[in-house]
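Subject: Structure handover

Hello,

Please find the structure below, followed by notes on what was found in it.

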Amino acid sequence: MYYGGDYNPEQWPEEVWQEDVALMRRAGVNLVTVGVFSWARLEPREGEYDFGWLDRVLDLLHDGGVQVCLATPTTQPPPWIGEEARNVSADGVRLTHGSRDTYCVSSPAYRAKSLEIAARLAGRYGRHPALAMWHVHNEYGSWCHCEHTAAAFRVWLRGAYGGLEALNDAWTTSFWSQHYSAWEQVTTPRATQYLPNPSQALDFRRFLSDELLGHFREQKEILAPSGVPVTTNFHFGDWVPVDQREWAEAVDLVAIDHYPAQDPPEETAFAADLARCWAAGKPWVLMEQAVVAYTGGRIVPRRPGEVARLSLSHVARGARGVMFFQWRASRGGAELWHGGMVPHAGPDSRIFREVCELGALLPSVPDAGDVRAEAAILWDTASWWALQSRGLPSSEVDYLDALRQAHRVLYRHGVTAGFAYPSADLSAYRLVLVPSLCLISDADAANLRRYVEGGGTLVVSFFSGVSDEHGRVRLGGYPGALREVLGVRVEEFHPLAEPVELSDGAAGPPPSGAGSPPDWGTGTLWSEHVHLAGAQALVSYASGPLAGLPAVTRHAYGSGTALYVSTRLADAAFARLLGLAPHPAGLELVRHDRAVFAINHGDREQPVGPGRDLVTGTVVESLPPGGFAVLAGLEAADAGDVRVGIGAER
Ligand code: GAL
């Protein structure tokens with residue numbers, strides 16, 4: 001288990017380094033990431049190198065028993081770098097040095113200089129005894145629209161489409177006089193008068209992901225001969241043009257940065273489950289988190305015990321390392337108020353004491369085998385990107401919001417869930433949720449059909465299956481590729497400005513003698529004119545233009561069941577649909593092969609078990625607020641049983 005953070009000794013006089021190492025030892029730190037933003041200090045003038053200070057830092061850390069995750073500093077070139085190495089915004093502005101991430105990976109000058117500094121580091125430190133890991137770059141994700149990028153984009157497109165006519169077809173350039181007659185006419189989606197071509201925008205993100213990945217691979221090739229794992233830290237944001245699914249195959253271990261703000265436990269569970277999906281069996285680590293939260297324009301310290309709970313949540317979901325940005329809070333610079341494991345107040349502080357406590361606890365967390373998820377939520381980067389286009393039927397449909405709701409409902413009911421790709425073998429899951437998967441290939445649609453045929457329960461929500469992988473609509477009725485398995489045909493979308501009432505079952509009066517029907521609340525955001533084509537209505541619209549028509553349907557298909565949810569249900573209604581049992585608020589449970597990890601994020605004592613806590617060796621029957629245990633022999637309290645309620649029972 002790695003424990004530590006980004007260490008930026010170049011911001012401090014050398015006397016402080018001695019204290020740093022002593023404090024790291026006190027905190028149980030065993031790994032620090034060094035050199036992320038050090039290019040200007042390592043190569044102060046082009047071709048003139050200064051490695052002396054880094055030699056001393058690495059030796060000092062090694063003598064102190066702290067291992068090094070050594071970064072290549074390519075995420076921010078020094079001020080001397082030529083203008084051509086910097087990126088150009090969509091409206092044609094060449095960005096200026098002064099912040100960070102100001103580079104263009106397609107620029108030959110940047111490419112050459114960045115590989116050279118990586119090679120110098122590999123040559124000098126590849127055999128250093130402190131070296132445990134390489135950290136390439138930082139949070140790849142910069143965009144560029146310069147001529148080099150446009151040329152590389154054309155090369156990528158030729159590879160993807162072969163001929164120009166195939167590109168014209170995939171991008172539907174017959175619309176708005178966009179038909180290309182020569183490759184030179186094709187460029188990046190720069191600023192334009194009105195709506196850009198959505199297929200072009202989607203391909204540009206796919207290209208950028210591949211182009212950045214090419215740069216990562218080149219660095220990895222340089223660093224790999226040293227024999228230690230090579231990684232880069234994934235940043236998760238809707239502006240990031242990185243398809244983590246593909247990148248995860250290229251790294252030796254997956255590393256994520258995570259800065260939860262609104263609901264830290266739920267956001268942490270979401271991010272950690274996603275990281276585990278990306279890692280697909282490889283180790284993964286939390287490379288960066290913070291001792292503060294950014295909320296509503298404020299930077300607020302994490303509450304007492306919160307840093308530990310969130311860190312343990314990552315560990316419970318499979319993380320093999322818990323790291324921070326950064327070791328020591330900076331005195332100046334753009335992020336001086338960001339906080340650190342050693343805050344401005346110094347080691348005599350609550351934060352540093354908590355950092356030490358966590359460092360002491362982590363080595364005692366047992367290996368309880370793999371996380372055992374019984375439900376999966378499908379994750380698809382291209383659908384996420386496509387749902388960021390303008391010109392959609394509703395500007396309010398938010399892919400992440402849909403995923404977060406699906407995850408939150410399972411999380412709040414104690415169900416151990418994972419994410420999976422639409423092409424994955426889903427047969428191990430009892431339940432698969434498919435939120436707004438708007439783009440789907442024929443092969444992936446067939447995979448989902450096979451899952452249901454084989455006995456699985458698939459719950460698809462609105463605006464799924466509608467387009468092919470280029471974003472072209474599948475004709476004949478929505479949800480396109482999923483019509484057959486869902487047994488419905490949707491004629492129109494009716495995005496909602498106001499909530500609409502929902503009623504139980506098919507339209508019409510309830511059967512006489514029936515008890516009071518469940519309350520499904522309202523549908524919000526979206527609704528659809530659904531025709532049954534084999535499915536039965538479980539919930540209907542009771543107000544609005546679609547009153548009397550099906551809102552939620554169930555279809556028996558092969559040995560399984562496919563549900564379609566054509567509106568946004570409230571969380572409680574979603575949980576009812578899945579038949580989830582009530583679960584104590586704030587109690588996080590994660591099943592592993594040999595134990596259940598339990599964390600109490602709430603402010604009340606919660607009964608769990610009884611089970612034997614593998615951390616302390618004692619029998620535990622309840623968890624105090626902030627409590628943590630790894631419970632073996634917990635079958636009786638193995639909460640979070642998935643029963644797909646109305647789908648299965650009626
Ligand atoms: C991360 C980044 C760090 C630091 C941190 C502050 O995204 O990798 O260098 O800037 O954010 O929140």
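Histidine 137 is buried (under 20% relative accessible area, where over 50% is exposed and anything in between partly exposed, with a 1.4 Å probe and protein chains only), at a relative accessible area of 0%. Its phi is near 60°, a positive value in a residue other than glycine. Histidine 137 lies in the loop between β4 (131-136) and α5 (147-161); helices (H or I, at least four residues) and strands (E, at least two) are DSSP runs, numbered from the N terminus.

Before the rest, two notes on conventions. This is a predicted model, in which local features need pLDDT of at least 70 and side-chain atom pairs count only at pLDDT 80 or more, while totals for chains, interfaces and linings use all residues. Residues are numbered from 1 along each chain as its sequence is written, and side-chain values use heavy atoms, with hydrogens and water left out.

Serine 177 also has a positive phi in a residue other than glycine, near 55°. This serine is found in the loop between α6 (164-170) and α7 (198-223). Is serine 177 buried or exposed? At 73% relative accessibility, serine 177 counts as exposed.

One joins phenylalanine 325 and glutamine 326, with omega about 0°; glutamine 326 is in the loop between β11 (321-324) and α11 (350-361). Another runs from glycine 609 to proline 610, with omega near 10°, and proline 610 is found in strand β25 (residues 606-613).

**Overall fold**

The protein chain has 17 helices and 27 strands. Its radius of gyration is 26 Å, close to the 26 Å that the globule rule gives for 650 residues, so the chain is as compact as a globular protein of that length. The radius is taken over C-alpha atoms, and the rule is 2.2 Å times the number of residues to the power 0.38. Along the principal axes, the C-alpha trace spans about 85 × 75 × 40 Å.

Of the 650 residues, 59% count as buried. Among contacts (heavy atoms within 4.5 Å) with a separation of 6 or more, 72% are between residues 24 or more positions apart.

The mean positions of the 54 positive and 76 negative charges are 1 Å apart. Lys and Arg count as positive and Asp and Glu as negative, with His and the chain ends not counted; the charge is placed at NZ of Lys, CZ of Arg, CG of Asp or CD of Glu.

**Cysteines**

How many disulfides are there? The count comes to zero, a disulfide being a pair of cysteine sulfur atoms within 2.5 Å. For cysteine 104, the nearest cysteine sulfur is that of cysteine 144, 3.6 Å away. Cysteine 104 is buried, with a relative accessible area of 1%. For cysteine 277, the nearest cysteine sulfur belongs to cysteine 438, 18 Å away; cysteine 277 is buried at 10% relative accessibility.

**Proline 393**

Proline 393 lies in the loop between α12 (381-386) and α13 (399-411) and is partly exposed, with a relative accessible area of 43%. Not counting residues up to four places away in sequence, proline 393 touches Phe463, Phe493, Pro495 and Trp526. The C-alpha atoms of proline 393 and proline 495 are separated by 6.9 Å, although these residues are 102 apart along the chain.

Regards
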